[in-house]
Amino acid sequence: MKVPSEWANTTIHHVLLKEIGASKALIQKWNSAKAIKKNDQIADLNHKLQFGDRLSLHLFKNEDFGVLPEYEQIEVLYEDDHLLIVNKEAGIDTHPNHPEQKGTLANRVAFYYQMNGLQIKVRHIHRLDKDTSGAIIFAKNDLAQTLLDQALEQRNVKRTYIAIVEGRLPHSKGKIDQPIGRDRHHATRRRVSPKGQKAVTHYVVKQYLPSDNLAIVSLQLDTGRTHQIRVHLSSIGHPIIGDELYGGKKGLISRQALHAAKLSLLHPITGEKIEVRAQFPTDMLPFITDTIATTI
């Protein structure tokens with residue numbers, strides 16, 4: 001990149017930290033690997049830049065995938081040199097719990113990279129529960145990962161979920177602001193708890209289906225607690241159908257009817273707005289009208 005006038009007389013370290021947004025740990029990693037250059041020479045972080053200098057980073061280097069590649073098709077929603085967004089199907093984990101595990105979305109992404117000549121680490125930016133479907137972001141380099149992590153923490157990545165829940169909600173929209181903690185009586189379940197972590201879920205009722213006494217609800221999160229949407233909806237008496245862990249009705253669908261339907265974010269490198277929609281899985285389609293699918 002060519003150094004603009006407003007960066008003149010500032011150090012390389014300052015530019016990388018304050019202007020580019022890299023973390024101190026990442027800058028040190030680049031420095032140790034001699035990945036930072038000024039005018040095609042290995043750079044000293046304390047050197048000051050001048051207008052017109054060329055500052056370059058070696059971002060695209062060969063790395064271990066970090067997981068075992070495994071052939072399975074993936075549905076790509078968006079891809080460029082810095083990020084990949086895919087539509088995860090229900091029934092698979094986002095990533096392995098140990099290096100030798102297979103059968104996860106990350107394993108499939110590793111194979112996708114391999115088949116496209118990319119030797120890079122599989123970096124998921126967020127995750128979805130095993131039985132939740134929808135859009136997930138992967139970063140293709142460490143700078144994109146750092147910037148996307150920051151955007152997620154600052155709530156600049158907008159994730160819209162669609163859930164099918166039991167009953168008719170009393171309000172067309174609302175906010176559930178209830179802390180969530182572990183359930184000491186169950187290894188994996190969470191519950192609303194005064195001693196839990198802050199958790200905020202916003203919801204909008206998109207449609208009520210009187211014949212089935214079900215509601216289609218759109219949700220967005222201010223926080224990202226484990227099972228947050230599932231816990232919050234169950235806590236107000238409207239569990240997601242199929243979600244047996246939190247009291248959801250059985251028989252209508254074989255897993256919780258929850259789908260990460262839309263992602264909106266600013267590109268971590270270019271700043272352009274990216275908005276993707278993840279097609280609904282077939283098991284939710286009987287409940288989803290065309291109007292809902294196209295207006296999320």
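Reply: Among the residues lining the largest pocket, twelve are nonpolar, 13 polar and 13 charged. Nonpolar covers Ala, Val, Leu, Ile, Met, Phe, Trp, Tyr, Cys and Pro; charged covers Asp, Glu, Lys and Arg; the others, Gly among them, are polar. This is a predicted model, in which local features need pLDDT of at least 70 and side-chain atom pairs pLDDT 80 or more, while totals for chains, interfaces and linings use all residues. Residues are numbered from 1 along each chain as its sequence is written, and side-chain values use heavy atoms, without hydrogens and water.

Me: What counts as a pocket, and which residues lie nearest the centre of the largest pocket?

Reply: On a 1 Å grid over the protein atoms alone, a pocket is an open set of points where a 1.4 Å probe fits, with protein on both sides within 12 Å along at least five of seven lines; lining residues have an atom within 4 Å of a point. Here 38 residues line the largest pocket, and Arg159, Tyr161, Leu221, Thr223 and Gly224 lie nearest its centre.

Me: Is Lys34 buried or exposed?

Reply: Buried means under 20% relative accessible area, exposed over 50%, partly exposed in between (1.4 Å probe, protein chains only). Lys34 is exposed, at 54%, whereas Asn213 is partly exposed, at 37%.
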